[in-house]
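Here is a colleague's note for someone meeting this structure for the first time. Please keep the sequence and the model open while reading the numbered points.

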Amino acid sequence: MLFLFLPLLAALLPGSDNKVGLEEPVSFQVTQTLCFYNRSCVHSLGSGWLGDLETHRREDVSGTIVYLWPWSRGNFSNKELTEFETFFHSYYSRYIMEIHNFARQLKYEYPFVLQYDVGCELHSGKASVGFLRKAYQGTDLLSFQNKSWVPSPQGGSRAKDVCRLLNLLVGLTETVHRILSDTCPRFLLGLLDAGKADIQQKVKPEAWLSSGPSPGPGRLLLVCHVSGFYPKPVWVMWMRGDQEQPRTQPRDLLPNADRTWYLRVTLDVAAGEASGLSCRVKHSSLGDQDIILHWDHHNPTGFIFLAVIMLVALLAGLAFWLRKCWYSHLHSPLHYVLLTLYPLLQLFKSFSH
């Protein structure tokens, strides 16, 4: 589907002389998922991403391209944006028709799902790297490499047939190469320049410790939580002194609603080996001031147990004293007070036991 609007995209994207210093690789990519239920029912989901930040989205029903940030237009003028959107709406039905034709020639069985991933990556001081990948039914089908279409090993004979047809389209191949090697990097630089205030923003993480479900008798699961940080790259490790613990298990990075990130890292240890362990967090927002949380400082189990014992003892003593007062002051004014409090005293008494 993306192939049909690549020539216009190449014409619309302006040149750029901006130089952006990049400390690490950054990419812009467009992802598209097409669900073909039959020849008359097709659902489409599309989005654009600058690194791990979503910048564009296409609504399925209306086909409207949504610019999620004020700078998502990059260096596009309003006229260029209007021309692009008009083109996209006008030829969407043609995209679907072409894919149906491919499906008939290559004997795709309905329903099926196609996924596209096209974009480029910039490296500091190095040339850009363009990429285009296509998947069929969730399995890699083909990619674009060195000015040609290359079948994926997982794609089998279907991938070879598709690549054979695409490599015959010389004009399409040249256009795709130009988009990936020239147009996409210039557009990416425009986005980086227009959105640098948001892109370069850094948010410090918050971190805390907890214990998870016991892995087994005599063992503890130590959990280090890190949340609310941006950008995404983070380093979290359980340590003993300066020694990294090799059994540290990081879980998947999860997004928060405010576009920051959350990570949970665990360590399975024997109960007697937890003392002296700490969780260390490194993030670009912290500079050289790593967050270090010591398990010994976190684990107040002994104090909690002692506090509970003291509370139970206090309640038991109070219950005993009030019971004694009950028998020695049956005819005093305190009798009526005790009579009122008796149900509550019985509750305290049962709790103390």
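Predicted model: local features only at pLDDT ≥ 70, side-chain atom pairs only at ≥ 80, totals over all residues.

1. Residues are numbered from 1 along each chain as its sequence is written, and side-chain values use heavy atoms, with hydrogens and water left out.

2. Strand 1 (residues 26–38) pairs with strand 5 (residues 112–122) in the antiparallel sense over eleven bridges, and Thr33 stands opposite Gln115 in strand 5. Strand 1 also pairs with strand 2 (residues 41–50), again antiparallel, over ten bridges; here Gln32 has Gly46 of strand 2 as its bridge partner, and the two strands form a hairpin with two residues between them. Helices (H or I, at least four residues) and strands (E, at least two) are DSSP runs numbered from the N terminus, and two strands pair if DSSP finds at least two bridges between them.

3. Strand 16 (residues 277–282) and strand 17 are joined by four bridges in the antiparallel sense, with Ile292 of strand 17 as the bridge partner of Arg280.

4. His100 lies in helix 2 (residues 78–106) and, at 3% relative accessibility, counts as buried, a word that means under 20% relative accessible area, against over 50% for exposed and partly exposed in between (1.4 Å probe, protein chains only). Its side chain makes a polar contact of 2.6 Å with that of Tyr110, the term being used for a pair of N or O atoms within 3.5 Å, where within protein one must be able to donate a hydrogen and the other to accept it, and residues adjacent in sequence count only if both atoms are side-chain atoms.

5. The largest nonpolar core has 39 residues, and Leu50, Leu188, Leu222, Cys224, Val236, Trp238 and Cys279 have the most contacts inside it. Such a core is a set of buried Ala, Val, Leu, Ile, Met, Phe, Trp, Tyr and Cys residues joined through side-chain atoms within 4.5 Å. Helix 4 (residues 170–194) gives the largest share, six residues. Because domain 1 (26–200) and domain 2 (206–295) both give residues to this core, it lies between them; the domain bounds come from an automatic or database domain assignment.

6. How many disulfides does a search of the whole structure find? The search finds two, where a disulfide is a pair of cysteine sulfur atoms within 2.5 Å. One joins Cys120 to Cys184, with an S to S distance of 2.1 Å; Cys120 is in strand 5 and Cys184 in helix 4, so the pair ties together parts that are 64 residues apart in sequence. The other joins Cys224 to Cys279, at 2.0 Å from S to S, and links strand 10 (residues 219–229) with strand 16, 55 residues apart. Both Cys224 and Cys279 are buried.

7. Cys35 calls for a separate remark, because its sulfur is 9.4 Å from the closest cysteine sulfur, in Cys41, too far for a bond.
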